[in-house]
Amino acid sequence: MAAANLLALLDDIATMLDDIAVMSKMAAKKTAGVLGDDLALNANQVQGVKPEREIPVVMAVAKGSFLNKLILVPAALLISAFVPALITILLVIGGLFLCFEGAEKLLHKFFASHGDHEDSEARLHKLADDSVDLVAMEKDKIKGAIRTDFILSAEIVVITLGSIQDADLFSQILILSGLSIAFTVGVYGLVAAIVKMDDFGLYLLRKSLTGSFNTVQRLSGRLMLTAAPALMKFLSIAGTIAMFLVGGGILTHSIGVLHHVAEAAVSLAPAVDWLVSILFDGVAGVIAGAIIALAVQAWGKLTAK
């Protein structure tokens, strides 16, 4: 009898873990856009830091990210437990924010003003100035990166919680905690690898002059030096696209009118329904983001006057 009870308990545990794994996989897919943007943004944050300080800066931001999630995860669970209807509202707000941030990036890229270029040149001159306190600059970079991470972490937590809202509290705690840790380690581990890629490529080039496997080391070093900026650019583009898709997807699934329109659009081409669904989410994200970004710019000009 005891053995049968033990087997039944183990079977229940295995079923629960399997459900948690499935829900974790679904939640991870829905946060792909924010994670892509998080990765690209944090890799860019380290630019301008001395090479020997890159890893310490990444570690400092990662520590801040853990603290952010230590605050956000319990807060999200409390909201889910006592005001579950608020999760959908937060999801919509988060989706709109993602769309806005993606649109703002596009507007900044294609309609950058002369002042933006002057600011960029000023930052470069500041870095080259020996009188500038680089330690203070580094601390400012870390604080800014942690503030940005707080917003992105909030999006990740809310999107994750929204996708597992029907799960029991214990499963929600396990999934949110596990994914928060995995995402933080994964994102900042990749950031550390990306920012040191060019240094490792240079090391291989230098080592190829005296060491063995010279040809392999030389080719690998050149590849890394070439791939590092290209990878940064790809991450930035992919992150922006994913933000529109994820943000638009949240809006089309959370807002009834958009959901019905999306279903009607998908029914017109059942053979490629997945492609139509993706395109609809992307278009909805671009339109929503453009409206908010233009409204914010107009408000900024009005308040400036």
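The dialogue below takes up the aromatic pairs and then the salt bridge.

Tutor: Please keep in mind that this is a predicted model.

Student: What describes a pair of aromatic rings?

Tutor: Two quantities are used: the distance of the centres and the angle of the planes. This structure holds two aromatic pairs. In one, the ring centres of Phe97 and Phe100 are 6.5 Å apart and the planes stand at 50 degrees, so the pair is tilted; planes count as stacked under 30 degrees and as edge-to-face over 60.

Student: Where do Phe97 and Phe100 lie?

Tutor: Both belong to helix α4 (residues 85-110), three residues apart, which is about one turn of the helix. Phe97 is partly exposed at 26% relative accessibility, whereas Phe100 is buried at 15%, because buried means under 20%.

Student: Which residues form an aromatic pair that is stacked?

Tutor: Phe200 and Tyr203 do, with 6.0 Å centre to centre and 25 degrees between the planes. These two residues lie in helix α8 (residues 197-207), again three residues apart, about one turn of the helix. Phe200 is partly exposed at 41%, and Tyr203 is partly exposed at 44%.

Student: How many salt bridges does a search of the whole structure find?

Tutor: The search finds one. It joins the side chains of Asp199 and Lys196, at 2.8 Å from N to O; the cut-off is 4 Å. Asp199 is partly exposed, with a relative accessible area of 26%, and Lys196 is partly exposed, with 24%.

How values were computed
Residues are numbered from 1 along each chain as its sequence is written. This is a predicted model: local features need pLDDT of at least 70, side-chain atom pairs count only at pLDDT 80 or more; totals for chains, interfaces and linings use all residues. Side-chain values use heavy atoms; hydrogens and water are left out. Helices (H or I, at least four residues) and strands (E, at least two) are DSSP runs, numbered from the N terminus. Buried means under 20% relative accessible area, exposed over 50%, partly exposed in between (1.4 Å probe, protein chains only).
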